[in-house]
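Reader: Can we go through this one together? I'd like to start with helix packing and then move on.

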Amino acid sequence: MLEPRVYRKLLRLYPAEHRQMFGEEILAVLAEEIEGADRRIIAQARLLVRETAGLLVGAMREHFRILVDVQDGLSVAGGRFAMRNGFRFPKSTIVFMGLILGGVLTAIKKGEDIATSVPHDIGPIAPVHIQPVHSILLGGMPLFFAFFYAAGLIGWAILFAFRRSGVHRLAGISGEQK
Amino acid sequence: MESLPLTEPVLLILLSLAGQSQHGYAILKDVERMSNGRVVLSTGTLYGALRRLLEDDWIERFEEEESSRGRQAYRLTSQGRRNLQMEIDRMKHLTRLASMRVALKEI
């Protein structure tokens, strides 16, 4: 049968810690699911899609959780990632989004200022080449987004380096000792 | 600390463990039964939720004694039970309030 092999491969996407703790258990539950499932092809396909999607999303969420855990350990003394109802952005993402929004608003304001500073009654006597506002914005936008993309990458690299250094584990130990 | 209100899947998982301890597959089936097939959890989703509940000490994990395969089972901790009760109280209050408001509007 194909599914157990697929599921086993998908489990490799999880962080090692999660895999060690739940890996065999998840595979056992999946085996029970396959065993107890409806034999019809549609039901089998539905099960395969649901479980595959569940494992993919679960793996992503676990990696994300570890990343957020690091941030929490660094920003809040003794704090840890509490289980939340539904998805919420981490604080850093909100800050980044605020910065991006601020940048976009500034760019729009700057564009408007340029548009109002250019005289409209130049007429045919003085044919000055005026660069349209949207082209100025479009020219600046890629640079603008490239800057924030780079900033995001650097931020992620720092968090990743912290994770590799095991700082978050130390934070966990000091939390437990309290 | 867990924030209330809980999502429906998490609430159903906790309710599944409120009566008795259960292993993973039994929780999946119980959640499906309790919600009349509306909530069908994938195994990945279930174990993500179980992990968070374990970390927050709402549930605990132990090896089933009567199982020959040494299967892991889960049960509510006293903290988990207390928090579940708080959530139920919150929902009761909300439904009472909703009924009152809707009844007032109908008059």
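**Helix packing, sheet and chain contact**

Author: In chain A, helix α1 (residues 3-11) and helix α2 (residues 16-36) pack at an angle of about 160°, their axes 11 Å apart. Helices here are DSSP runs of H or I with at least four residues, and strands are runs of E with at least two, numbered from the N terminus. Axes are lines fitted to C-alpha atoms, for helices over the stretch in contact, and angles run from 0 to 180 degrees between N-to-C directions.
Author: This is a predicted model: local features need pLDDT of at least 70, side-chain atom pairs count only at pLDDT 80 or more, and totals for chains, interfaces and linings use all residues. Residues are numbered from 1 along each chain as its sequence is written, and chains are lettered from A and ligands numbered from 1 in the order in which they are written.

Reader: Which residues of α1(A) make the contact?
Author: A:E3, A:P4, A:Y7, A:R8 and A:L11. Contact means C-beta atoms, placed from the backbone, within 7 Å.

Reader: Switching to chain B. What is the strand order in the sheet?
Author: β1-β3-β2, in an open, antiparallel sheet. Strands pair if DSSP finds at least two bridges between them.

Reader: How many bridges join β2(B) and β3?
Author: Five, with β3 being residues 72-76 of chain B. B:R61 stands opposite B:Y74 in β3(B).

Reader: And how many residues does each chain give to the contact?
Author: 21 from chain B and 22 from chain A. On the chain B side, α3(B) gives the most, with eight residues.

Terms used. Contact = placed C-beta atoms within 7 Å.
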